Amino acid sequence: MPRPPETRHADTSGVRPQTGDTDHLTPVPEPLHPDTHPPTDNLLTRLKAYEGHPAAVAGVGKDPVNLPMIRHWCEALGDANPVYTGPGAVAPPTMLQAWTMGGLTGHTGRSSAYDELLALLDESGCTSVVATDCEQEYLQPLRPGDRITFDTVIESVSDRKTTKLGTGHFVTTRTDVRVGETLVGTHRFRILKYAPPQRKKPAARPQRPRPVVNRDNAGFWEGVEQHRLLLQRCTSCATLRFPWLPGCAHCGGPDWDTVEASGAGTVHSYVVMHHPPFPAFDPPYAVALVELAEGVRMISNVVGTPYDKVRIGMPVRLVFHTYDGDLTLPVFRAAAEEAAV
């Protein structure tokens with residue numbers, strides 16, 4: 001059969017080539033530990049020392065090439081090519097790596113070189129790993145009944161590279177797949193062993209906006225600090241007013257005193273805030289216009305009740321909540337819930 005042209009495809013499955021026996025290859029170097037090397041021995045030199053050493057030798061596929069695995073593969077990928085079915089079927093070329101996989105138990109007799117290389121990278125801080133790509137070359141079709149063997153070599157270790165994931169080294173292995181003495185394909189697999197960037201400390205939670213306190217409303221906020229909701233009362237016409245104002249909107253009188261609200265009220269109207277988000281607030285939440293028993297209305301939050309359970313006419317009771325450790329605000333809780341507390 002004429003040799004087909006080289007075919008390459010990308011694979012980001014993240015599965016590492018499995019390993020096998022290492023008896024007849026070049027001896028693997030002694031484990032490279034930091035305490036056995038002089039200080040002048042740099043990391044890259046030690047990493048490069050593993051290039052050309054075996055990761056697997058004479059590994060044997062756990063299963064022969066078979067029609068059930070071919071069928072499952074084609075069904076998963078939606079490939080209905082008839083060349084993969086029937087008496088003269090061949091395996092899809094992209095299954096090349098699948099025949100070398102060792103499953104959960106792996107392959108026995110693997111070389112220690114690959115594990116030592118990864119351990120050395122771990123010691124250098126490159127503790128994370130991601131599969132980046134693979135290249136496959138198909139030289140001869142595989143057919144049901146073929147028994148494959150494979151050898152894997154550590155082909156290259158890159159200089160230290162900087163990526164969006166972090167800095168580290170690309171490690172490339174090459175697996176030669178054979179049926180008998182015939183080379184049927186080559187699988188080149190590349191991973192990045194990298195040092196993840198230092199996690200940034202989460203930003204401090206934004207604080208709630210602080211009220212603007214001036215000479216016209218300072219008395220109100222002093223009352224809030226004492227857990228008292230004070231309403232202004234015109235000393236001329238006895239009209240209550242909220243928010244606090246310099247003079248009476250009813251009669252124009254400039255003089256006033258205060259009345260402490262009982263804290264009882266009902267939801268006159270409300271909105272649910274979804275967007276836009278504001279710092280220190282977690283949408284969605286209900287913002288209510290509460291009518292106090294004294295007849296004035298104020299805007300505040302209804303707390304302790306899911307936003308979608310707030311209703312117009314719902315009785316509420318005043319409570320005081322402290323935010324950010326130093327900000328006290330008057331808010332409202334459903335009266336039934338407040339009575340149960």
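Contact, on this tour, means heavy atoms within 4.5 Å. Keep in mind as well that you are looking at a predicted model.

**Stop 1: the core.** Start by selecting Leu292. Setting aside residues up to four places away in sequence, Leu292 touches Leu229, Leu231, Ala261, Ala264, Gly265, Met298 and Phe332. Now widen the view to the largest nonpolar core, a set of 29 residues. Leu292 is among those with the most contacts inside this core, together with Leu229, Val267, Met314 and Phe332. Colour the elements that give two or more residues to the core: α4 (218-225), β7 (230-234), β11 (285-292), β12 (297-303), β13 (315-323) and β14 (327-334).

**Stop 2: the largest pocket.** Next, bring up Pro211, Trp221, Ile299, Ser300 and Leu329. Of the 26 residues lining the largest pocket, these five are the closest to its centre. The space inside comes to about 610 Å³. Elements giving two or more residues to the lining are α4, β11, β12 and β14. Which element gives the largest share of this lining? That would be β12, with five residues.

Stop 3: Select Arg208, Asp282, Tyr285, Asn301 and Val303, the closest to the centre among the 16 residues that line the second largest pocket. Its volume is about 290 Å³. Both β11 and β12 supply at least two residues here, and β12 gives the most, with three. By class, this lining splits into 10 nonpolar, three polar and three charged residues.

**Stop 4: the two ends of α2.** Jump to Asn66, which caps the N-terminal end of helix α2 (residues 67-77). Then slide along to Gly78, which follows α2 and has a positive phi, near 70 degrees.

**Stop 5: Asp159.** Last, go to the loop between β3 (148-157) and β4 (161-162), where Asp159 sits. Is Asp159 buried or partly exposed? Asp159 counts as partly exposed because its relative accessible area is 40%, between the 20% and 50% cut-offs. Beyond its neighbours within four places in sequence, Asp159 is in contact with Leu44, Lys48, Gly168 and His169. Finish by selecting Val171, 12 residues along the chain from Asp159: the two C-alpha atoms are separated by 9.9 Å.

Terms used
Residues numbered from 1 in each chain as written. Predicted model: local features only at pLDDT ≥ 70, side-chain atom pairs only at ≥ 80, totals over all residues. Heavy atoms only, no water. Helix = DSSP H or I, 4+ residues; strand = E, 2+ residues; numbered from the N terminus. Buried < 20%, exposed > 50% of the residue type's maximum accessible area, 1.4 Å probe, protein only. Core = buried A, V, L, I, M, F, W, Y, C linked by side-chain atoms within 4.5 Å. Polar contact = N/O pair within 3.5 Å; in protein donor to acceptor, adjacent residues only side chain to side chain. 1 Å grid on protein atoms, 1.4 Å probe; cavity = no way out; pocket = protein on both sides within 12 Å on 5 of 7 lines; lining within 4 Å. Points joined across faces, edges and corners; volume = space filled by probe spheres on them. Nonpolar A, V, L, I, M, F, W, Y, C, P; charged D, E, K, R; others polar.
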